[in-house]
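Hi there,

I am passing a structure over to you, as promised, and my notes follow it. Have a look first, then read on.

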There are 2 protein chains.
Amino acid sequence: MALIVQKYGGTSVGSVERIDAVAKKVAKFHQNGDQVVVVVSAMSGETNRLLDLARQVSDQPIPRELDVLLATGEQVTIALLSMALHKHGVEARSYTGSQVHILTDDAFNKARIQEIDDARIRRDLSEGRVVVVAGFQGTDKDGNITTLGRGGSDTTAVALAAALKSDECQIYTDVDGVYTTDPRVESKARRIDRISYEEMLEMASLGAKVLQIRSVEFASKYSVPLRVLSSFEDGSGTLICAEDETMEQALIAGIAFNRDEAKLTVVGVPDQPGVAHSILGPIGKANIEVDMIIQNTGADGKTTDFTCTVHRNDYKQALAIVQKVAEGMGARSVIGDDKIVKVSLVGVGMRSHAGIASTMFEALAKEGINIRMISTSEIKISVAIDEKYLELAVRSLHSAFGLEQQA
Amino acid sequence: MALIVQKYGGTSVGSVERIDAVAKKVAKFHQNGDQVVVVVSAMSGETNRLLDLARQVSDQPIPRELDVLLATGEQVTIALLSMALHKHGVEARSYTGSQVHILTDDAFNKARIQEIDDARIRRDLSEGRVVVVAGFQGTDKDGNITTLGRGGSDTTAVALAAALKSDECQIYTDVDGVYTTDPRVESKARRIDRISYEEMLEMASLGAKVLQIRSVEFASKYSVPLRVLSSFEDGSGTLICAEDETMEQALIAGIAFNRDEAKLTVVGVPDQPGVAHSILGPIGKANIEVDMIIQNTGADGKTTDFTCTVHRNDYKQALAIVQKVAEGMGARSVIGDDKIVKVSLVGVGMRSHAGIASTMFEALAKEGINIRMISTSEIKISVAIDEKYLELAVRSLHSAFGLEQQA
């Protein structure tokens, strides 16, 4: 008997039939004697329908009222799922974010959870009920309705799991786990059984879209074992947990990539303090996010080359800004390229094993892939390469590190 | 400057355009310096959409969860209306029933309001905001979401008006007031300027559908001046208030009628104590509501004739029950008729003026309309007549009492 928090996303509850399927799944856990708290999103399509209504009313719907509106999406799902559970003989009670006091700050549309009062949920669980909670929403200290922004339901589930000290937080989605890389690029990609929070965070921020970064951070902070599973098929999914439980793991957990990169290089900048700030300051002011940043001392010892990458959509604007800045600094020239991608190896094994970088570079060189930029952190190595080599690079690295075999 | 509670029903907020029109109307009051609290229903069609979803999930959706589901309907409207008000330059805040502590009992789907905490609303009003409250919903003492049942939004508005001691509670609807009778039957029907709570209650329970009986009872109990207005046209509507303010009123306020009556008569029942109970008991047990009840001593002094009316839909079932009972009692026979209607004159003037009944009967006799039953109360006279005479009866009474002229 375990205490489990389960989260079902919009696709998993996207129709009356799917809600019924979720109810059956939950009923099985309940019949096995598990205590189950279910967190649900709005039915797929519903949030967009509500946003459309808001936009028809006002070009700039005020944030407080947008949250009042959007919060109805999950409220519909919790009611329907609870009805379905009753139909299948399971006593269930639904709660909105406010009703179980999911206290957040007052940043409407992107609030952060501060506290959860779990008394009511614990009482229901001890009385044998399944508890169904609306994801994505909470209430600020003045009782205003708030929402958590993108992927908020994952965060609700993890926060509830932390508050209840649940044995596991299960995220049911439309894929059956986290893969060594995107199976659409490398058909030999393998589902990972276990991965550490740190690796998952790197994978997520590097482009793997299974889980929202915030929910993984939250799980890591409160040591909540997180499992990603398919809501449509059976299977054990991928467990995301603390590192010491995953010691037997391979050197490399997986390969993440990001297609939307563009690169800007300022060549021959006078090598003096404040260069990076002079270039990045104006980019930041324009609300453009910078990803990789690299600075090399030039061959002459007096100038330096400075490179950064931005999202491809921001490329033109960033280029214009950097060209203006470069002129003012007396830089030699500005080179840009909006056809690059970033490929990253992620794995805690890197910490204790040398030679991973060289294996990586060797594999890429063998295929004639030129590396345009390199950036490393404790548990990842990222390279920027020409867009056209993305699939080839991913497949050759997948094979070079033997990721298709079970660790 | 006044404190006004305004209620807009489902048709008045049935589309984004109509919500915008309501916002403009409210903005005008706000700009005139009035303090305005707006109560809204779900957009027309929305409640049915939600009910459909519930029925697809379960044949018998449990009441608690049905309320969680239905309450989202009004929540959508309050958010959209507040956005629209902001667009028109009016600061507004929306609140669900729970947020302003509309405390009800725990009778899900048909809860009754027990208490309202108006502190938050008063604060907003004093800070110059318009307050938008979700009608039809509240919360029980355990924090469960409840709904008030049919016409619940009217009740919310009146209850808020009572709690806030507002100067007026305005019910905006698709008609421009209460009429002396249904204008579809008598084109000379006249909008009533003022009517007493008592008369309105009789009119409402006798078939006039403008206002829900509960909200009028509530307004009467707490002496809230209630005004029925059109949300689409300008005009002063009908004011429903205490009797002493309407002294100059005509003898008769209006003519109500009900098309859905059916009549059952038990002829020749032995005249002894308990007759009424023996007949009505089994009907009540079958959950059939009885409207008019009349008992006459028969000509022989030993038997009596007992007649009651029921809704036409219940006629067949009621007839079967009564036939069985009549047999057991040794009654002579049972006569039934499901083609009758009830026409009623309503007016507080009846109390002090004799002769109203005779004028009524005279007018009907002139047209050759046979009266099948008569029933009276302090401020109304009802007659049951053949269905085919309904329109003729209404028009002849309307003219006989001069209702087409201003009082």
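Let me start with a pair of helices in chain B. On one side of their contact are B:Asp154, B:Thr155, B:Val158 and B:Ala159 of H5(B), and they meet B:Arg214, B:Ser215, B:Phe218 and B:Ala219 of H7(B). Sorted by class, that contact of H5(B) with H7(B) comes to 4 nonpolar, 2 polar and 2 charged residues. H5 covers residues 152–163 of chain B and H7 covers residues 213–221 of chain B; their axes come within 8 Å and cross at roughly 10°. Because angles under 35 degrees count as roughly parallel, H5(B) is roughly parallel to H7(B). Please keep in mind throughout that this is a predicted model.

Next, the core. The largest nonpolar core holds 242 residues, and A:Leu81, A:Leu160, B:Leu81 and B:Leu160 have the most contacts inside it. What does B:Leu160 touch, once residues up to four places away in sequence are set aside? The list is B:Val5, B:Val37, B:Val39, B:Ile116 and B:Val133.

Is A:Val132 buried or exposed? A residue is buried if 20 or more other C-beta atoms lie within 10 Å of its own; A:Val132 has 31 C-beta neighbours inside 10 Å, so A:Val132 counts as buried. Leaving out neighbours within four places in sequence, the contacts of A:Val132 include A:Leu81, one of the residues with the most contacts inside the largest nonpolar core. A:Val132 is also in contact with A:Val38, A:Val40, A:Ile78, A:Ser82, A:Ala92, A:Arg93 and A:Ser94. As for A:Lys28, 104 residues apart from A:Val132 along the chain, the two C-alpha atoms are separated by 15 Å.

Now for how the chains meet. Chain A gives 28 residues to the contact and chain B gives 28 residues. On the side of chain A that touches chain B, helices H1 (16–31), H2 (46–57) and H3 (63–87) of chain A each supply at least two residues. H3(A) provides the largest share of that side, 14 residues. By class, the side of chain A that touches chain B has 15 nonpolar, 10 polar and 3 charged residues.

Finally, the domains. In the domain assignment, chain A has domain 1 (3–174) and domain 2 (255–400). The C-alpha centres of these two domains of chain A lie 40 Å apart.

Best wishes

Conventions: Residues numbered from 1 in each chain as written. Chains lettered and ligands numbered in written order. Predicted model: local features only at pLDDT ≥ 70, side-chain atom pairs only at ≥ 80, totals over all residues. Core = buried A, V, L, I, M, F, W, Y, C linked by C-beta atoms within 7 Å. Buried ≥ 20, exposed ≤ 12 C-beta atoms within 10 Å, placed from the backbone. Contact = placed C-beta atoms within 7 Å. Axes fitted to C-alpha atoms, helices over the stretch in contact; angles between N-to-C directions. Helix = DSSP H or I, 4+ residues; strand = E, 2+ residues; numbered from the N terminus. Parallel < 35°, antiparallel > 145°, perpendicular 65-115°, else oblique. Nonpolar A, V, L, I, M, F, W, Y, C, P; charged D, E, K, R; others polar. Domains from an automatic or database assignment.
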